[in-house]
Amino acid sequence: MSLPIAEARRAFAPETTFLNTASYGLPPLPAHEATLAVERDRAAGRLTTGQMDVVVARSRESFARLVGVPAERVAIGPQVSYFVGLVAESLPAGSTVLVADGEFTSLLFPFLARPELTVRSVPLERIVDAVDAGVDLVAVSAVQSADGRIVAMDDLLGAARAHGARVLLDATQAAGWLPLPAGRVDLMVCGGYKWLLGPRGTCFLTGTAEALAGLPPIAAGWYAGADVWDSIYGGPLRLASDARRVDLSPAWPAWAGQAPALEFLERVGVEAIHRHDVAMAARFRAGLGLPAGDSAIVSVAVPEGTAELLNDHRVSAAVRAGRLRCAFHLYTTEADVDRVLELLAGRVIVDATA
């Protein structure tokens with residue numbers, strides 16, 4: 001049964017006007033309680049590894065349903081940079097990687113750390129046109145962390161396919177509110193602690209079977225085994241035959257909270273969340289006299305001291321790349337938006353774009 005936005009909001013209990021999901025998401029109360037319950041069980045000696053295997057499986061399956069891919073093509077780990085590092089290691093020396101200027105460094109540093117790769121950086125607006133026969137991989141965020149700009153995903157996938165390049169899409173600032181062409185992307189990585197509302201320490205990787213098979217399992221451990229509990233001692237190497245071959249062993253409390261958070265998002269639905277989030281961002285933009293946009297993240301230039309003013313009035317937002325960044329998710333209300341607009345009234349908004 002679908003869950004209306006108005007009803008879904010009752011599952012959250014923020015004590016601030018929270019416009020900071022681009023930094024971290026708020027957990028639905030059942031997910032928050034599930035995270036705490038694991039630690040209570042551990043302290044009491046009641047925790048079992050079987051319980052934890054179940055929540056990891058639930059998380060993998062729910063994420064797969066949310067983005068529209070088979071669960072056997074989803075790997076789990078702790079951070080984006082781990083999976084990006086596997087992609088970087090899979091590239092032959094001399095490969096060229098195309099990235100966007102100012103890209104989030106978890107998507108960038110693993111490639112720069114390999115000096116035998118060539119990394120080309122162009123403005124996001126030019127990245128589709130910059131794909132040519134010399135590009136082996138395009139690594140780009142679906143939504144830019146700093147300012148919420150959305151890459152032209154369909155155009156990018158078409159250009160990459162036309163020139164024989166692969167695409168690595170970072171969906172950390174997108175999955176959970178923005179519909180994604182996950183089934184058509186070579187590789188897609190997504191941290192779970194922002195728009196997917198999980199605790200910090202969860203991350204997903206998905207992609208085509210061919211692209212996933214090309215990743216080197218250089219950090220393989222027991223959790224990547226074909227049969228996890230028969231893979232904890234001794235050789236020979238016996239990895240899973242699907243995406244689990246690059247799994248890392250899970251931080252249990254994080255995955256205990258991630259599973260119910262994802263299932264909660266499934267009940268609300270990405271399309272409904274997308275409509276709501278963009279509507280809240282549009283209300284904010286209109287109140288500031290900004291042009292319309294298509295993102296749930298709005299970045300504006302503000303006078304010095306604005307962030308402190310908002311903080312003093314219990315408004316949670318962030319400053320990124322020298323600009324105020326506000327992010328609107330399913331727990332944001334019209335009253336939240338109007339309250340922030342009132343606080344910003346009369347303040348000079350300079351060069352407000354994005």
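Where is the place of threonine 35?

## Threonine 35

In this predicted model, local features need pLDDT of at least 70 and side-chain atom pairs count only at pLDDT 80 or more, while totals for chains, interfaces and linings use all residues. Residues are numbered from 1 along each chain as its sequence is written, and side-chain values use heavy atoms, with hydrogens and water left out.

Threonine 35 is found in helix H2, residues 29-44, where a helix is a DSSP run (H or I) of at least four residues, numbered from the N terminus. Threonine 35 has a relative accessible area of 16%, so it counts as buried (under 20% relative accessible area, with a 1.4 Å probe and protein chains only). If neighbours within four places in sequence are left aside, threonine 35 is in contact (heavy atoms within 4.5 Å) with Pro199, Pro253 and Gly257.

## Helices H4 and H5

Two packed helices are described by the angle between their axes and the distance between the axes. The axes of H4 (residues 80-90) and H5 (residues 105-112) come within 8 Å and cross at roughly 35°; these axes are lines fitted to C-alpha atoms over the stretch in contact, and angles run from 0 to 180 degrees between N-to-C directions.

In H4, Val80, Ser81, Val84, Gly85, Val87 and Ala88 meet Ser106, Leu107, Pro110 and Phe111 of H5. By class, this contact of H4 with H5 holds seven nonpolar, three polar and no charged residues, with Ala, Val, Leu, Ile, Met, Phe, Trp, Tyr, Cys and Pro counted as nonpolar, Asp, Glu, Lys and Arg as charged, and the others, Gly among them, as polar.

Technical notes
Helices (H or I, at least four residues) and strands (E, at least two) are DSSP runs, numbered from the N terminus. Buried means under 20% relative accessible area, exposed over 50%, partly exposed in between (1.4 Å probe, protein chains only).
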